[in-house]
Amino acid sequence: EKERDLPRATSTSALSGAGVMRLFHKVGESFEKMAFKMDENDEWFEEKQQQIEALDLQLHKLHTSLEALVNHRRELSQSTAVFAKSAAMLGNVEEHTTLSRALSQLAETEEKIEAVHKHQSDTDFYTLAELLKDYIALIGSVKEVFHERVKSYRNWKESETMLGKKREARVKFELLNKSDKVALAKQEIAEWEHKVEKGQEDFEKLSKVIRREVSRFESYRVDDFKDSVIKYLQTLMENQQKVIKYWEAFLPEAKAIA
């Protein structure tokens, strides 16, 4: 968890009381998710949950790779800048005129390429890496919504279990001729019947909303991701064309060295 989720105490204890309680709450939720297994009868939800888990895994892997690519391009940009400065200094002290001019032109070319690398690293980060980070967060929210549906199902089934126990108790009281307890049992049965109906209604309503919103999310995700990838590839091509242009401009200077 991020540090802000677990605030440090000002005393010698490692965590504040509030932080410990939040930690226990989060751990409890994690065990709860693992402990309760819903008997899924809807193929759509079963399929979507598997897709969401696979998508979450792949997005995390892709985001990690992109972060490495961003760092690599930034390091390349910095190394190119260092090389450009070294070439410029060498050109200033070189006595051979054409070689000195070529080194100076090489330094200018490397400076331009350094700017291209920096621009591309920014594009890698802001166009794709941040987009993936946002999608990972969205996928996390979708997974939480699916868990809420499981919780709703569990509440419904727990109400059914309690209703069954209340009915068994009523039968027991009737056999024992305990009319006062029979009356109370009937009242409790009516209350739990209402809870069962409400639980089923909430579960079905939530399932319907999730279907609609997930379908909308998938449609939006495809279009948005496609637009971002196209924009990224266009920038990548433009930057590669700039690099080629800069080297083609430098080539006559290199050939002129005699």
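This is a predicted model: local features need pLDDT of at least 70, side-chain atom pairs count only at pLDDT 80 or more; totals for chains, interfaces and linings use all residues.
Reader: How many residues does helix α3 have, and what span does it reach?

Author: Helix α3 runs over residues 97-175, which makes 79 residues, and from its first C-alpha to its last it reaches 115 Å, close to the 117 Å expected at 1.5 Å a residue.

Reader: Why do residues three or four places apart in an α-helix point the same way?

Author: An α-helix has 3.6 residues a turn, so such residues come to point the same way. In this structure, lysine 151 and glutamate 148 both lie in helix α3, three residues apart, about one turn of the helix, and they form a salt bridge whose closest N and O atoms are 3.4 Å apart.

Reader: Which parts does the salt bridge between lysine 48 and glutamate 218 tie together?

Author: The closest N and O atoms of that pair are 2.9 Å apart. Because lysine 48 lies in helix α2 and glutamate 218 in helix α4, the pair ties together parts that are 170 residues apart in sequence.

Reader: Is aspartate 56 buried or exposed?

Author: Buried means under 20% relative accessible area, and aspartate 56, with 11%, is therefore buried. Its salt-bridge partner lysine 143, with the closest N and O atoms 3.1 Å apart, is partly exposed at 29%. Salt bridges that share partners join Glu53, Asp56 and Lys143 into one network, and the structure holds 17 salt bridges.

How values were computed: Residues are numbered from 1 along each chain as its sequence is written. Side-chain values use heavy atoms; hydrogens and water are left out. Helices (H or I, at least four residues) and strands (E, at least two) are DSSP runs, numbered from the N terminus. The expected span of a helix is 1.5 Å times one less than its number of residues. A salt bridge is a side-chain nitrogen of Lys or Arg within 4 Å of a carboxyl oxygen of Asp or Glu. Buried means under 20% relative accessible area, exposed over 50%, partly exposed in between (1.4 Å probe, protein chains only).
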